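I opened a new model today and kept notes as I went. Here is what I looked up, entry by entry.

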Amino acid sequence: MGDTMNHIERIVASMTNAPVDRLTTLPLASEVNRRLVGATNREYCEDPKVRAAADIAGWKYFGYEAILGLTSLSIEAEDLGTDVWFPDENTPQTRNPAIKNVEDYETLEVPEDKMFTTMEGRMGQFAIGTRMIKERIGDGMGVAQGNTIVVPLVCGPLLQLTQSTFAEQVFMDMYLHPNEVHKALKVTTETATKHIAAQAANGADTCVMDYLWANYSVLGDKEYNEFEGDKYGPVCNKAEEDNGILFGIHSCADLPNMDVQVKKWKPVYFSYCHYPNMVGSLTEAEVILNGYGDDTIMMGGLNPQMWVRATPEQMREATIDMLESVSAALVTKGLNSRFSICSGCEVPPALSTNMANIQMMVDTVKNEGPKIMEKAGLPKP
Ligand SMILES: [Zn+2]
């Protein structure tokens with residue numbers, strides 16, 4: 001059985017909860033795609049031309065739904081003054097943080113405009129890469145066969161801050177120096193909104209916001225809401241709407257605060273990770289049955305370690321398990337298509353990642369998904 005809808009038709013149907021030929025699928029592959037074009041990870045992260053070529057190659061080769069953009073979580077932090085090290089074959093890492101003491105929260109500044117728009121800034125390079133992808137694949141929101149949407153990742157205000165120093169330091173300073181932390185968060189919030197605007201201006205169809213610290217194993221409601229949830233997050237979310245793009249979230253937190261991020265904020269899609277060994281981590285079916293898919297496409301996730309450790313046959317079985325449990329839960333909730341078969345976080349850029357597992361997930365959704373959905377009682381388009 002082959003696809004009867006194209007990517008855009010399927011994505012739009014899923015947004016409106018209309019019946020689909022099969023569920024959408026998006027293994028969060030980005031840096032790993034460099035291997036398809038013979039580039040190093042350093043080249044992928046530093047050169048927008050390499051990123052564009054690799055991301056288009058991955059999308060075409062594996063046949064998944066959309067093009068995710070991600071060159072590590074260090075982009076905003078580097079433009080805010082953190083020194084970042086680019087290993088040849090691993091994700092860029094913080095070497096010398098911008099914030100070393102309390103005073104540095106107060107002197108943090110929004111990067112100059114050129115950092116968002118030119119090759120001088122990481123955010124600028126990232127936005128230029130988005131434009132290169134769009135120029136090559138055409139207008140993603142058209143319905144031409146084969147087109148799709150481009151989805152660059154933007155770090156939320158609190159994540160930018162923890163990337164600009166150390167997470168433990170920020171959490172401690174929330175108690176010891178809240179005023180200084182708030183001052184820095186105003187800067188990272190404006191940085192996020194300007195980054196969103198730059199991505200939108202270069203053709204991004206949506207920015208996926210990473211609000212990693214909306215995580216019950218780290219912060220309670222009171223702390224999260226004070227330092228992101230009440231003020232800063234909503235400003236970023238609105239920036240997506242103001243720039244005319246779709247608003248989405250990725251959080252691979254172990255216990256994501258979905259009541260704020262999904263039920264209150266109502267993103268178009270929410271990408272999360274299920275951790276089988278973590279008490280309280282919701283399964284894919286529980287996420288749907290608890291109502292999180294009522295207004296949002298929930299993008300549920302196999303454990304990222306599976307990309308390295310699982311055999312393709314184990315990947316096939318895990319994908320079938322997810323398709324079966326999700327299809328049954330959708331039927332129970334009277335939903336048609338508000339779930340996407342994804343990885344819980346980025347497919348590891350490591351050389352040990354088995355690329356055959358990416359292919360297996362996508363092929364299983366395409367080849368076995370329609371039968372599983374029909375058996376569960378989901379309607380056809
Ligand atoms: Zn993640």
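The entries below go from the whole chain to the sheet, then to one helix and a few single residues.

**Entry 1: ground rules**

I am working with a predicted model, in which local features need pLDDT of at least 70, side-chain atom pairs count only at pLDDT 80 or more, and totals for chains, interfaces and linings use all residues. Residues are numbered from 1 along each chain as its sequence is written.

**Entry 2: the whole chain**

I looked up the secondary structure first. The protein chain has 18 helices and 10 strands. Helices (H or I, at least four residues) and strands (E, at least two) are DSSP runs, numbered from the N terminus.

Next I checked the overall dimensions. The C-alpha trace spans about 60 × 45 × 40 Å along its principal axes. For 381 residues, a compact globule would have a radius of gyration near 21 Å, and the chain has 20 Å, which agrees. That radius is taken over C-alpha atoms, and the globule rule is 2.2 Å times the number of residues to the power 0.38.

How much of the chain is buried? Buried residues make up 53% of the 381. A residue is buried if 20 or more other C-beta atoms lie within 10 Å of its own, exposed if 12 or fewer, and partly exposed in between, with C-beta atoms placed from the backbone.

I also looked at contacts, meaning residue pairs whose C-beta atoms, placed from the backbone, lie within 7 Å. Among contacts between residues at least 6 apart in sequence, 74% join residues at least 24 apart.

In what order do the strands of the open sheet run? I read 1-10-9-8-7-6-5-2 for its 8 strands, with parallel pairing. Strand 1 (24–26) and strand 2 stand at the edges with a single partner strand each, so one side of each has no neighbour in the sheet. Neighbouring strands are turned by 25° against each other on average, direction ignored. Two strands pair here if DSSP finds at least two bridges between them.

Helix 12 (residues 232–242) packs on this sheet and touches strand 6 (206–210) and strand 7. Its direction makes about 140° with that of strand 7. For such angles, axes are lines fitted to C-alpha atoms, for helices over the stretch in contact, and angles run from 0 to 180 degrees between N-to-C directions.

I then followed strand 8 (residues 269–272). Tyr269 and Ser271 point one way, Phe270 and Tyr272 the other, and all are buried. In a regular strand the side chains alternate between the two faces of the sheet.

Strand 7 (residues 246–251) runs parallel to strand 8, joined by 4 bridges. Isoleucine 249 stands opposite phenylalanine 270. The chain gets from strand 7 to strand 8 through helix 13 (residues 258–264), in a right-handed β-α-β crossover. Right-handed means that, with the strands pointing away from the viewer, the path from the first strand over the helix to the second runs clockwise.

On to strand 9 (residues 297–302): 3 bridges join it in parallel to strand 8. There, methionine 298 stands opposite phenylalanine 270. Helix 14 (residues 284–289) carries the chain from strand 8 to strand 9, and this β-α-β crossover is right-handed.

**Entry 3: helix 7**

Is helix 7 largely enclosed or open? I found 12 of its 16 residues buried, so the rest of the structure largely encloses it. Among the buried ones are Phe126, Met132 and Ile137. Their packing partners include helix 3 (48–62), strand 5 (150–155) and helix 10 (178–201).

Helix 7 lies across strand 2 and strand 5, at about 170° to strand 5. Just after the helix, glycine 138 takes a positive phi of about 90°.

Most residues other than glycine have a negative phi, and most peptide bonds are trans. I noted two residues with positive values.

Serine 72 has phi near 85°. It sits in the loop between strand 2 and helix 4. With 25 C-beta neighbours inside 10 Å, serine 72 counts as buried.

Lysine 266 has phi near 50°. Its loop joins helix 13 and strand 8. Lysine 266 is partly exposed, with 13 other C-beta atoms within 10 Å.

**Entry 4: isoleucine 11**

Last, I looked up isoleucine 11, in helix 1 (residues 7–15). It counts as buried, with 26 C-beta neighbours inside 10 Å. Leaving out residues up to four places away in sequence, isoleucine 11 touches Thr24, Glu65, Ala66 and Ile149. Isoleucine 149 is 138 residues away in sequence, yet 9.0 Å away in space, C-alpha to C-alpha.

Note on methods. Contact = placed C-beta atoms within 7 Å.
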